Amino acid sequence: MSKGAVSVRALAEHFKLEVLAAEERLDRQVTKPGGHRPGLEFVGYFDYFPMERVQVLGIKEITYLHKLTDLERNLHIGNIVKYHPPCFIVTSGQQEEGLKYLMRYCEEEGIPLLRTPLPTTEFIAVMDAFLVKELAEQIAIHGVCVNVSGIGILLRGSSGAGKSETAHSLIRRGHRLVADDVIVLKKLSPRTLLGTHNGKTKEFLALRSIGLINVVRLYGRKAFQEETRIALDIELTKWRDNELNNELEVEERYTDYMGVRIPHIQIQLQPGRDVASLVEAAANNWYLQQQGYSAVEEFMSRLQEG
């Protein structure tokens, strides 16, 4: 399990930020999500100052600095830059003319100063969403990840179980591939697990006896999705003759990924079984359960009514 880091350069490229100072230090790393507006710090209160976060300067903060004397301004800015946050980002496209004092301090301390035309609250919202995903705890597992009717599913099983073939059948039915072979799982919250690819296998699906195919080239853009929230963990297993396989209600099982519990289902394989249809049925049944419907409860109710 690992946690990522995002360079200031990657942040600048993703949001098309303009670099105003310390361009040679864009390799500095952001390791914590959440933009911080240093209001209290400008008046000298530094307890609990989140120095590892991106410092965002909106119109309110810059206007306050403009109203200070040169001595006061130098003191307040100097107190903040000595903590060496990853970078400062000025929002709302504020003019460079009024930022020269800030540019000078950032150049001297080697802290990138960047600018965005977006309003402060809007920029912080989109930046936080980006950083939460990029900095999330993550692991890589073996399997196939698909999105079936908007529901993210992990297909796991031993080598040769038919995971990729099942994914291919699902794609032919209008569903989407997310990742084949190596699935990257990111923990966004205690209840939210995101599945995505590792970049190298993006859009590729490996089929036995056929080889590697590019699903986008074969079936169009609708056949691929960059990421999906994981709702089900489905394991393809060997058929067991002596096991009861027609239970009214399968016992609830879960797989734990980084502390996030995902409902687990086993689908036993046998020649002639339409596994793709069973995966679709599992996805649709999970969706109905989320809406509060239980086929077993309805069936038992009918029996009791006579």
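1. The largest nonpolar core has 28 residues, and those touching the most other members are Val-146, Ile-153, Leu-155, Leu-205, Val-215, Ile-234 and Val-279. Such a core is a set of buried Ala, Val, Leu, Ile, Met, Phe, Trp, Tyr and Cys residues joined through side-chain atoms within 4.5 Å. Two or more residues each are given to this core by β8 (137–148), β9 (151–157), α7 (163–172), β12 (204–207), α8 (215–219), β14 and α9 (275–290). Helix α9 supplies the largest share, five residues. Helices (H or I, at least four residues) and strands (E, at least two) are DSSP runs, numbered from the N terminus.

2. The model is predicted: local features need pLDDT of at least 70, side-chain atom pairs count only at pLDDT 80 or more, and totals for chains, interfaces and linings use all residues. Residues are numbered from 1 along each chain as its sequence is written, and side-chain values use heavy atoms, with hydrogens and water left out.

3. A second, separate core holds 22 residues, among them Ile-77, Phe-88, Leu-102 and Leu-113.

4. Thr-237 lies in strand β14 (residues 227–238). Its relative accessible area is 10%, so Thr-237 is buried; buried means under 20% relative accessible area, exposed over 50%, and partly exposed in between (1.4 Å probe, protein chains only). Not counting residues up to four places away in sequence, Thr-237 touches Gln-266, Ile-267, Gln-268 and Leu-269. The C-alpha atoms of Thr-237 and Gln-270 are separated by 9.4 Å, with the two residues 33 residues apart along the chain.

5. The domain assignment, which is an automatic or database one, gives domain 1 (6–135) and domain 2 (138–305). Their C-alpha centres lie 43 Å apart.

6. The chain has 10 helices and 16 strands. Its radius of gyration is 26 Å, well over the 19 Å that the globule rule gives for 306 residues, so the chain is more spread out than a compact globule. The radius is taken over C-alpha atoms, and the rule is 2.2 Å times the number of residues to the power 0.38. Along its principal axes the C-alpha trace spans about 85 × 50 × 30 Å.

7. Of the 306 residues, 44% count as buried. Among contacts in the chain with a separation of 6 or more, 72% are between residues 24 or more positions apart.

How values were computed. Contact = heavy atoms within 4.5 Å.
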